[in-house]
Amino acid sequence: MIYLASPYSHPDAIVRERRFRAACVAAARLMRAGHFVYSPIAHGHPIAAHGLPTDWRFWEPHDRRFLEQCDELVVLTLDGWRESRGVQAET
């Protein structure tokens with residue numbers, strides 16, 4: 001199973017939405033290629049819209065559990081991935 005790490009947190013909601021959509025496209029591409037994929041952004045973004053924080057501090061314990069179950073880590077290198085606190089902690 002692949003854990004798809006990608007940057008997400010940003011003060012601009014439009015940037016967060018673009019990052020979410022890019023993560024979904026990448027996850028779908030990997031899934032079409034026959035991989036099992038977990039994308040914390042594709043999973044968490046719609047849930048966070050219901051009043052949950054969008055920062056790494058909140059999502060870290062959730063994401064770490066999934067990281068433990070995955071065999072491979074793939075990083076989606078969108079703008080900001082090197083500065084992303086979450087991506088850096090996941091890698």
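I call a residue buried under 20% relative accessible area, exposed over 50% and partly exposed in between, with a 1.4 Å probe and protein chains only. By that rule tryptophan 59 is buried, as its relative accessible area is 12%.

**Ground rules.** I am working on a predicted model, where local features need pLDDT of at least 70, side-chain atom pairs count only at pLDDT 80 or more, and totals for chains, interfaces and linings use all residues. Residues are numbered from 1 along each chain as its sequence is written, and side-chain values use heavy atoms, with hydrogens and water left out.

**Tryptophan 59.** I placed tryptophan 59 in helix H3. Helices (H or I, at least four residues) and strands (E, at least two) are DSSP runs, numbered from the N terminus. I then listed its contacts, meaning heavy atoms within 4.5 Å. Leaving aside residues up to four places away in sequence, tryptophan 59 touches Gly44, Ile47, Ala48, Leu52, Pro53 and Thr54. I also checked isoleucine 41: it sits 18 residues from tryptophan 59 in sequence and 9.9 Å away in space, C-alpha to C-alpha.

**The sheet.** I found 3 strands in an open sheet, ordered E2-E1-E3, with parallel pairing. Strand E2 (37-38) and strand E3 (72-75) are at the edges with a single partner strand each, so one side of each has no neighbour in the sheet. Two strands pair here if DSSP finds at least two bridges between them. E1 and E2 pair over 2 bridges, in the parallel sense. Across that pairing, tyrosine 3 stands opposite tyrosine 38 in E2.

**The rings.** How many aromatic pairs does the structure hold? I counted 3. Rings of Phe, Tyr and Trp (its six-membered ring) pair if their centres lie within 6.5 Å; planes under 30 degrees apart are stacked, over 60 edge-to-face, and the rest tilted. Tyrosine 3 and tyrosine 38 make a tilted pair, 5.8 Å centre to centre with 50° between the planes. This pair joins strand E1 to strand E2, across 35 residues. Both tyrosine 3 and tyrosine 38 are buried. Tyrosine 38 also pairs with phenylalanine 66, this time stacked: 3.8 Å centre to centre, 10° between the planes. Phenylalanine 66 is partly exposed, at a relative accessible area of 32%, whereas tyrosine 38 has 9%. I noted Tyr3, Tyr38 and Phe66 as a cluster linked by ring pairs.

**Helix H1.** H1 lies across E1 and E2, at about 155° to E1. The axes are lines fitted to C-alpha atoms, for helices over the stretch in contact, and angles run from 0 to 180 degrees between N-to-C directions. I listed its buried residues as Val15, Arg16, Arg19, Phe20, Ala23, Ala26, Ala27 and Leu30. Seen down the axis of H1, these fall within an arc of 140°, so they line one face of the helix. The arc is taken from the directions from the helix axis to the C-beta atoms. The buried residues of H1 pack against E1, E2 and helix H2 (40-48). On the face turned away from the buried side I found the exposed residues Arg18, Arg21, Arg29 and Arg32.

**Serine 6.** Last, I looked up serine 6, in the loop between strand E1 (2-5) and helix H1 (13-32). Is serine 6 buried or exposed? Serine 6 is buried, with a relative accessible area of 5%. Beyond residues up to four places away in sequence, serine 6 touches Ala23, Ile41, Leu76, Val87 and Glu90.
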